[in-house]
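Q: I am new to this structure. Please walk me through how to read its features.

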Amino acid sequence: MENITIGEKYVCRPVGASKPVIGVVEKLYVNTALIVVSSCEEDQVQVEACNRRMIVSFNKIFTQTNVA
C-alpha cells in the first residue's frame with residue numbers, strides 16, 4: 001500500500017493477532033510495516049509478548065484513524 005505514512009495511526013491486523021488493533025507505523029519494509037500497538041480489544045497477551053511492536057502485511061492495514 002503506497003499511502004502508508006510513518007507516524008500515522010491505522011486500524012490493522014498484525015501477524016499472529018486474531019482481531020484488528022490500532023497502531024502507529026514505526027517503520028516500512030518491502031511488503032510489511034512495523035507498528036507500535038496503541039489499542040487492542042483482544043490479543044493483549046500476544047501484544048505484550050511482542051513489546052507492543054508487531055509486523056503487519058500491507059494488505060492487512062485497513063484504514064487510517066484519528067483515535068487518540
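Q: Which residues form a nonpolar patch on the surface?
A: Patches join residues with over 30% relative accessible area and no salt bridge; nonpolar side chains (Val, Leu, Ile, Met, Phe, Trp, Tyr) are joined within 5 Å. Here Val15, Tyr29 and Ile55 form one, with about 270 Å² of accessible area together. Areas come from the Shrake-Rupley method with a 1.4 Å probe, and only the protein chains shown count as cover. This is a predicted model: local features need pLDDT of at least 70, side-chain atom pairs pLDDT 80 or more, while totals for chains, interfaces and linings use all residues. Residues are numbered from 1 along each chain, and side-chain values use heavy atoms, without hydrogens and water.

Q: Is Val15 buried or exposed?
A: Buried means under 20% relative accessible area, exposed over 50%, partly exposed in between. Val15 is exposed, at 58%. Val15 sits in the loop between β1 and β2; strands are DSSP runs (E, at least two residues), and helices are H or I runs of at least four.

Q: Which residues of the largest nonpolar core touch the most other members?
A: Nonpolar side chains tend to be buried together in soluble globular proteins. A core is a set of buried Ala, Val, Leu, Ile, Met, Phe, Trp, Tyr and Cys residues joined through side-chain atoms within 4.5 Å. Of its 14 residues here, Ile4, Cys12, Val21, Val25, Ile35, Val37 and Ile61 touch the most other members. β3 (32–40) is one of the elements giving two or more residues. β3 gives the most, four.

Methods: Buried means under 20% relative accessible area, exposed over 50%, partly exposed in between (1.4 Å probe, protein chains only). Patches are made of residues with over 30% relative accessible area and no salt bridge: like charges are joined within 9 Å, nonpolar side chains (Val, Leu, Ile, Met, Phe, Trp, Tyr) within 5 Å. A salt bridge is a side-chain nitrogen of Lys or Arg within 4 Å of a carboxyl oxygen of Asp or Glu.
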